[in-house]
Each structure stands twice: as structure tokens, then as C-alpha cells.
Amino acid sequence: MKIIDVLQSGKLALSFEVFPPKTETAFDSVKAATEEIARLRPSFMSVTYGAGGGTSRYTLDIAKNIKERYGVPTLAHLTCVSSTKQTVADKIAAIRDAGIANVMALRGDIPTQLAGTDRSGWHYRYAVDLVRELKATNADFCIGGACYPEIHPESADQKEDIRRLKEKVDAGCDFLTTQMVFDNNLLYNFLYKIREAGITVPVIPGIMPITNGNQVARAIQLSGSFMPQRFKSLVDKFGSDPAAMKQAGIAYATDQIIDLYANGITNVHVYSMNKPDVATKIQSNLSNLLGK
Ligand code: FAD
């Protein structure tokens, strides 16, 4: 099933993100965690693609298993930067052959060892190149793209970032998912600006429940997201008490989702990070709101 169709229900729905194992040894435990999340019947599940493609095989194995065993629509992430045309063609064919209808078309981060090298000869320099490639296949994929309410770290300013985002959407993105946000007002502001710029596709806000103090620094480093004072106070107070931090982090994420729904946003993507307990708790916190 295509995600663009799932998004049209007009009712509050959650989707969850999981990531594939890095090694074969971890495969069974990751598979079990993703199955537990699938049993919650989210609107869809996305499966990330390891930076540099290291876990690409498992992305597809996990996505296919969730779809076939639980009937949950899956979104396979795919990155293209520094890949050859043949490698990407093989990956696209594998996604199609696995019967997966949805692809998150990403550039990926530039590998550290290639930072500063001349990229003019690369076949894939930006996600838009992959979106065009996916559109050129006869697979009729539903294509997602990433967007950044607090601008992508490589962009000079938001205007330029939104201009490039519009090019990506015009090339064929059916929907967008945002980088994690901890302050909904930044998201509302971003939505206003992209709508003004003529980007009309559905945008799914990404919410990351922070469940331990150590996760905070890493999440900020990876995403560059702004931490509102209310959130910082919570981490200061509970960061060193794992059980309290988990409860407070889940409550904060739940509160963000309720605010999004109260402001008319019905589809929310939860960065559930292979944690079925977190996904389950968020879902149960919203039990009287989901599907309404
Ligand atoms: P692009 O859309 O190509 O944008 C990258 C930068 O280039 C931006 O600054 C943009 O403004 C600029 N730009 C775009 N087009 C042009 C152009 N034609 N000329 C000049 N500048 C341009 N990473 C993974 O490795 N695996 C994953 O599974 C994964 N999943 C993600 C899911 C989401 C929802 C998000 C938000 C990010 C994810 N990432 C993932 C991280 C992502 O790969 C990085 O943020 C990466 O740096 C940018 O990818 P992009 O697809 O957004 O790139």
C-alpha cells in the first residue's frame, strides 16, 4: 500500500521508524523488536538505510518481513551519495522485487573521508538526483523526501534550503518527513513558509522521544535541533535517573503529538529507535485520540 494513500485518513495516526542491525548477530533481536512495533498496527513503518550503505541488505529484509507478516505498509530508506549508477539501480530493483511500494529518497551524509573532495563528477550529488531516477523506473513508487524545519546544516539560509526542497518535491516527492523537532512552533513556522513557497505535498512531523540523558547530546549533534528551555529543564532534572527520564521523555513527546493534532496535523512519525516499549507507551497515552 502506498503511504500517500495512508496519509489521507484525516484521523490521528502514528508511524514508527526502526533501523536495521549492523551485523548478522544482531539481526534476530532487531527483527523481534520491529515485529513488536508492527503489532501495534501503526499507519506505516520506515526502515532506515545505514550511513554508507553498510546495512542496506537488512533494511530490505526487515521492511519485507514487517509488510508480509503484519500487513503494515513499509517505507524503505535509500541513500545515494557517492554510489554508482549501477549500485543504485540494483538497490531500486531489489526494493521493487521485494514488493515494497514506498521509498524514502535520501542523499545521505557525505562520508567523512570524502568531505572536501570535488563532487562535480559524482552521479548522485543530491537527493533530487535519486528522486528523478526513481521516477524514471516503471515501478510507480510512492516517494518520500526529508526536510528540515531548522534548515539542513549545509544550507546557507532557510530561503535557499526551501528553494532546493521545492526542486526535490517538483521532481517527484509524494510526501516529506521532517527532521526531529522538539519545539512545535518551529515546525508551524516552517510549514507556513513552505506552503507559501508552493510546496503542497503532505508533511509528516518527526518526533523523537528522548528516553535517556545520554541520548540528548547525540540527538542534538545529529540533527542540530533546538532544545526548548522546557525540555532542557526536564533533562537537567531527570537526565541521571533513567526511569524518570524515560517517563518524562515519553510524556514530552506525547504532549508534542497532542499539540500537533490540536493544530490540525493528523500524521506524526515517531523516531521509535527499535524500542517497542516506547512505541507502545506513546500509543497507549494517545488511545482516546488515535483514529479520531
Ligand atoms: P538533499 O535533499 O540532497 O539536501 C542536502 C543539502 O543539499 C541541503 O542543504 C539542500 O538544501 C542542499 N541541496 C539540495 N539540492 C541541491 C542542489 N541541486 N544544489 C545545491 N544544493 C542542494 N541518513 C541515512 O544515512 N540513512 C537514512 O535512512 C536516513 N533517513 C533520514 C530520514 C529523515 C526523515 C531525515 C530528515 C534524514 C535522514 N537521513 C538519513 C539523514 C540524511 O541523509 C542527511 O540529513 C543528509 O545530509 C541529507 O539528505 P537529504 O536527502 O535531505 O539531502
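Because the model is predicted, local features need pLDDT of at least 70 and side-chain atom pairs count only at pLDDT 80 or more, while totals for chains, interfaces and linings use all residues. Residues are numbered from 1 along each chain as its sequence is written, and side-chain values use heavy atoms, with hydrogens and water left out.

| Residue | Protein atom | Ligand atom | Distance |
|---|---|---|---|
| Tyr49 | backbone N or O | nitrogen | 2.6 Å |
| Gly108 | polar backbone atom | oxygen | 3.1 Å |
| Arg164 | polar side-chain atom | nitrogen | 3.4 Å |

**Helix packing**

Helices are DSSP runs (H or I, at least four residues), and strands (E, at least two) are likewise DSSP runs, numbered from the N terminus. Axes are lines fitted to C-alpha atoms, for helices over the stretch in contact, and angles run from 0 to 180 degrees between N-to-C directions. Angles under 35 degrees count as roughly parallel, over 145 as roughly antiparallel, 65 to 115 as roughly perpendicular and the rest as oblique.

Helix α9 (residues 229-238) and helix α10 (residues 242-262) have axes that come within 9 Å and cross at roughly 165°, which means that α9 is roughly antiparallel to α10. In this pair, Arg230, Phe231, Leu234, Val235 and Phe238 of α9 meet Ala244, Met245, Ala248, Gly249, Tyr252 and Asp255 of α10, where contact means heavy atoms within 4.5 Å. By class, the contact of α9 with α10 has eight nonpolar, one polar and two charged residues; Ala, Val, Leu, Ile, Met, Phe, Trp, Tyr, Cys and Pro count as nonpolar, Asp, Glu, Lys and Arg as charged, and the others, Gly among them, as polar.

Helix α4 (residues 85-97) packs against helix α5 (residues 127-136) at an angle of about 55°, with the axes 11 Å apart, so α4 is oblique to α5. Lys85, Val88 and Ile92 in α4 meet Leu130, Glu133 and Leu134 in α5, and the residues of this contact divide into four nonpolar, no polar and two charged.

For helix α6 (residues 158-172) and helix α7 (residues 184-196), the axes come within 10 Å and cross at roughly 60°, and α6 and α7 are therefore oblique to each other. Here Gln158, Ile162 and Leu165 in α6 meet Phe190, Lys193 and Ile194 in α7, a contact with four nonpolar, one polar and one charged residues.

Definitions and conventions. A polar contact is a pair of N or O atoms within 3.5 Å; within protein, one must be able to donate a hydrogen and the other to accept it, and residues adjacent in sequence count only if both atoms are side-chain atoms.
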